[in-house]
Amino acid sequence: MLVGVCDFPGSYAFPPAGYGGIERWLWAVATGARAAGADVHLLGPGWLTDLEHDWVRKPVRLEDIKPGTLSERELRDSGYDLLVVGHEYPSLPAWTRTWSELDCDVATFQHSPVFQHTATAFDGQRSRLYCYSPEMTERYAGHRPIPELAVHLGLHEEEPPATAGTDLVWLGRIDEDKAPHIAVRAAQILGRRIRIVGPVFDKEYVRRHEDLLGAEHVEWVGELGGTAKTAAIAEASVFVYTYAREYVEAGAAVFGESLRAGTPMAALTWREGTCAQAALCNETGGVAVADLLEDDETAALRLADSIQQAEDLDHRRVQAIGMQRFDPVRHFQAMATRSC
């Protein structure tokens, strides 16, 4: 099987060393495909040039190719069986025009809870859309979504053997949508230290919650990548996951990152059927479901209970489950297979 994994214009490299959602997912699919025995081409100029030592890298984007050109003929003659691409592209006319000339399947993962696809973007067979949670599957029901947990990988983020960690950790972009202040308050309730890892996306949010976010039990680490990022997760006793009431998580990378590192999770959600419920089980973490009308303090108390439950879990068992549940080879094979 020949697989083309397509980049897109963006601010992060392919693959990224730290933060980056779709970019990390595309890299996981590429590595999973190659490990499964497929031939893989990295399509687009965004892929790091030093990958050329180990990968076939073709700096061409389908949406830029003109009809009847040598580039189109070369792409068609390559004989791709499957293209893997960011979720916007099956609805982009310029991209789909070129794809229609290639006679191959396309698969993508829904990484946005609000993007609107064209009515004909997915048929569930030749063009397939994958969604992480029951919540996301329901939102995109008109496009024949297929349930599947996304796998995300970054450069130099191989996981060490699981060990029982010490402090709590929260990782992600720091803004209103991700609501790390509730994680910080839950840690404070328990008298625990917590490390905040990630880039600040909203300085005003940080100012509004500066009393909590600047408290003595909070360590600000900043954005990490590679071995440092993996270590920050692996060395924690529990990964604490939060988000805001109205926010819809499309396909969070942190569940796979934490479980593969052997770190159990304590997750706060505001409803059933979210990514947390899809990714976690009783052996890998605890999920606290708060009512939308409850205040942050009540939510933090619920989350604190989940943290205590998660700390009793076996880190080695968490890692074993995480490696299986978020295996790049398994993920690729699921995406490369048409349903009967």
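Reply: Happy to. The largest cavity has a volume of about 100 Å³. A cavity here is a set of points, on a 1 Å grid over the protein atoms alone, where a 1.4 Å probe fits but cannot get out, and lining residues have an atom within 4 Å of a point. The volume is the space filled by probe spheres set on the points, with grid points joined across faces, edges and corners.

A word on the source: this is a predicted model, in which local features need pLDDT of at least 70 and side-chain atom pairs count only at pLDDT 80 or more, while totals for chains, interfaces and linings use all residues. Residues are numbered from 1 along each chain as its sequence is written, and side-chain values use heavy atoms, with hydrogens and water left out.

Arg24, His152, Leu153, Gly154, Glu157, Glu159, Lys229, Thr230, Ile233, Gly256, Glu257 and Arg260 line the largest cavity. By class, that lining has 6 charged, 4 polar and 2 nonpolar residues; Asp, Glu, Lys and Arg count as charged, Ala, Val, Leu, Ile, Met, Phe, Trp, Tyr, Cys and Pro as nonpolar, and the others, Gly among them, as polar.

Helix 8 and helix 9 each supply at least two residues of this lining. Helices (H or I, at least four residues) and strands (E, at least two) are DSSP runs, numbered from the N terminus. Helix 8 spans residues 226–234, and its buried residues are Gly226, Lys229, Thr230, Ala232, Ile233 and Ala234. Buried means under 20% relative accessible area, with exposed over 50% and partly exposed in between (1.4 Å probe, protein chains only). What covers those buried residues includes helix 1 (22–35), strand 8 (168–171), strand 9 (194–197), strand 11 (238–241) and helix 9 (254–260).

The protein chain is divided into domain 1 (2–155 + 327–336) and domain 2 (168–323), with bounds from an automatic or database domain assignment. Each of the two gives at least three residues to the lining of the largest cavity. Their centres, taken over C-alpha atoms, are separated by 29 Å, and 21 residues of domain 1 are in contact (heavy atoms within 4.5 Å) with 25 residues of domain 2.

A pocket is an open set with protein on both sides within 12 Å along at least five of seven lines. The second largest pocket holds about 150 Å³ of space, and its lining includes Leu153, Gly154, Glu157, Glu159 and Arg260, residues that are also named in the lining of the largest cavity. The largest pocket holds about 690 Å³. Of the 36 residues that line it, Tyr19, Gly20, Gly21, Arg173 and Lys178 are the closest to its centre. Helix 1 gives the most to that lining, with 3 residues, and at least three residues come from each domain.
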